[in-house]
Each structure stands twice: as structure tokens, then as C-alpha cells.
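The sequence and model come before the text.

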Amino acid sequence: MGVVTSRYRKPTAIDVLEMIASVFVMAAGVVLSVKAMQGTSPISSLPYVISLMSGLSLGTTMVIVYTILMLIEWALIRDRSKILLTLSQLPFTIIFSLFVDAIEVVLDPWVITGLAEQWIMVVLSCALIGFGVVLEIDANVSMLADDGLILAIHRVTKIRLDKVMIIFDVVFVASAFILSYAVFHGFEGVGAGTIFSGIALGLFVKIFTGIVKKYIRKDGNID
């Protein structure tokens with residue numbers, strides 16, 4: 001979703017609550033991207049296709065995919081002490097997946113058919129994910145597994161962080177694209193909304209960074 005480093009300090013109860021709020025907001029954004037039917041957000045595209053294939057809930061497939069990402073991250077890190085630090089990603093990943101499934105159940109009866117309404121949902125979903133990312137950064141407690149792997153790849157390869165993020169999203173979307181076509185002979189979960197989200201997310205993160213720092217938590221962890 002997005003990785004920005006911030007200064008370290010011992011997490012407080014408010015930080016933990018902010019982290020939980022961040023995964024809730026991001027989960028809402030992911031579900032809205034599905035409801036919009038214009039293509040899910042890049043990071044949820046592959047779990048969504050797997051969900052359609054397997055019959056498992058989107059939250060369940062996100063836990064499975066994110067666990068694989070954590071294992072790859074640990075393989076890259078290799079330092080046992082740093083691996084232990086990344087274990088905090090697991091409970092927040094589980095909370096995130098539970099929020100995804102719960103919000104899907106609540107919004108299940110809601111069907112969006114109009115093109116204008118669908119694109120409003122695409123923009124809103126991207127804004128929510130961007131806001132959630134900023135809250136995650138500001139909390140500075142942990143991160144979801146996709147962000148953890150992106151950061152690990154950056155540190156191991158020395159490739160610029162923004163480039164790693166782009167490559168990561170492209171690989172995820174391409175995998176969803178290929179798998180969807182191979183199984184469904186169509187492009188389920190991948191569409192114009194996916195491309196829009198990949199392009200616009202950085203802008204929303206930038207906008208909400210200023211808002212959070214100025215109006216929500218002036219003493220937070222964002223530099």
C-alpha cells in the first residue's frame with residue numbers, strides 16, 4: 001500500500017489504537033474497491049482472484065497471501081533478531097483480514113450498478129486506503145506484510161523505495177491478470193480502477209500526510 005519511514009519511539013496505547021484504526025480504514029477501502037466493480041486495488045487484486053477461484057473469503061485469501069509475503073521477507077532478512085521484530089505484522093494482518101470479511105458481510109446487499117457511482121467508489125476506496133496508510137505510518141507500531149516485504153527488498157537490493165513499490169504493484173496486478181485469464185478467460189478483479197488506484201494512491205498519501213500531521217495528531221510519528 002505504501003511505505004514511508006519515520007522516527008522511532010516506543011509505541012503508546014494511542015499508537016496501537018491508531019494502528020488498529022489504520023487497518024480498519026484500509027480494509028474498508030479494499031472492500032469498496034471490490035464493490036465498485038472497476039478493478040480492485042493493486043495489492044488486493046491477486047487475493048481477490050484467488051478468492052473467486054477457491055470460494056474462500058477475501059479476508060482468508062489475504063491472510064494466506066500476506067503470510068507468504070512475510071515468509072519471503074524473512075528469507076530476505078535472515079537476521080533472527082530482525083525477523084522477531086517483524087512478527088508484529090502477523091496479528092495486524094489477521095485483524096485486517098477480519099475487518100475485510102466483516103465489512104464485506106455488512107455491505108453485501110449493496111449493489112452499485114451506475115458507472116458514475118462505481119467510479120465515485122473507486123476514488124473513495126483509493127482515498128480510504130491512502131488515509132489508512134498514513135495512519136499506519138503515523139502509528140509507527142508495525143506494518144502490513146506487503147509494506148514489510150517492500151521495505152525488506154529496498155534494504156537488501158538498495159533499489160529506491162518508490163521503484164520497489166511500483167515493481168511490487170506491477171507484479172501483483174500482472175499475476176492477478178494472468179491467473180484471472182487462465183481460470184475465468186476474463187479479467188476478474190483487474191480493470192481501469194486498478195490502474196487508477198496504482199497511480200492515485202501516492203497522491204492521497206501525500207494529501208492525508210499533511211492533514212494527519214496538522215489536524216489529527218500533531219505529536220505523531222510523521223516527520
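## Nonpolar cores

Of the 49 residues making up the largest nonpolar core, Y66, L69 and F96 touch the most other members. Such a core is a set of buried Ala, Val, Leu, Ile, Met, Phe, Trp, Tyr and Cys residues joined through side-chain atoms within 4.5 Å; buried means under 20% relative accessible area, exposed over 50%, partly exposed in between (1.4 Å probe, protein chains only). The largest share of this core, 9 residues, comes from α1. A second, separate core of 5 residues includes L32, A36, M121 and V122.

This is a predicted model, in which local features need pLDDT of at least 70, side-chain atom pairs count only at pLDDT 80 or more, and totals for chains, interfaces and linings use all residues. Residues are numbered from 1 along each chain as its sequence is written, and side-chain values use heavy atoms, with hydrogens and water left out.

## Helix α9

Helices here are DSSP runs (H or I, at least four residues), numbered from the N terminus. The buried residues of α9, among them A200, F204 and F208, pack against α1, α2, α6 and α8.

## Aromatic pairs

The whole structure holds 8 aromatic pairs. Rings of Phe, Tyr and Trp (its six-membered ring) pair if their centres lie within 6.5 Å; planes under 30 degrees apart count as stacked, over 60 as edge-to-face and the rest as tilted. With centres 5.2 Å apart and planes at 20 degrees, the rings of F168 and F172 are therefore stacked. Both residues lie in α8, 4 residues apart, and both are buried.

Technical notes
Helix = DSSP H or I, 4+ residues; strand = E, 2+ residues; numbered from the N terminus. Contact = heavy atoms within 4.5 Å.
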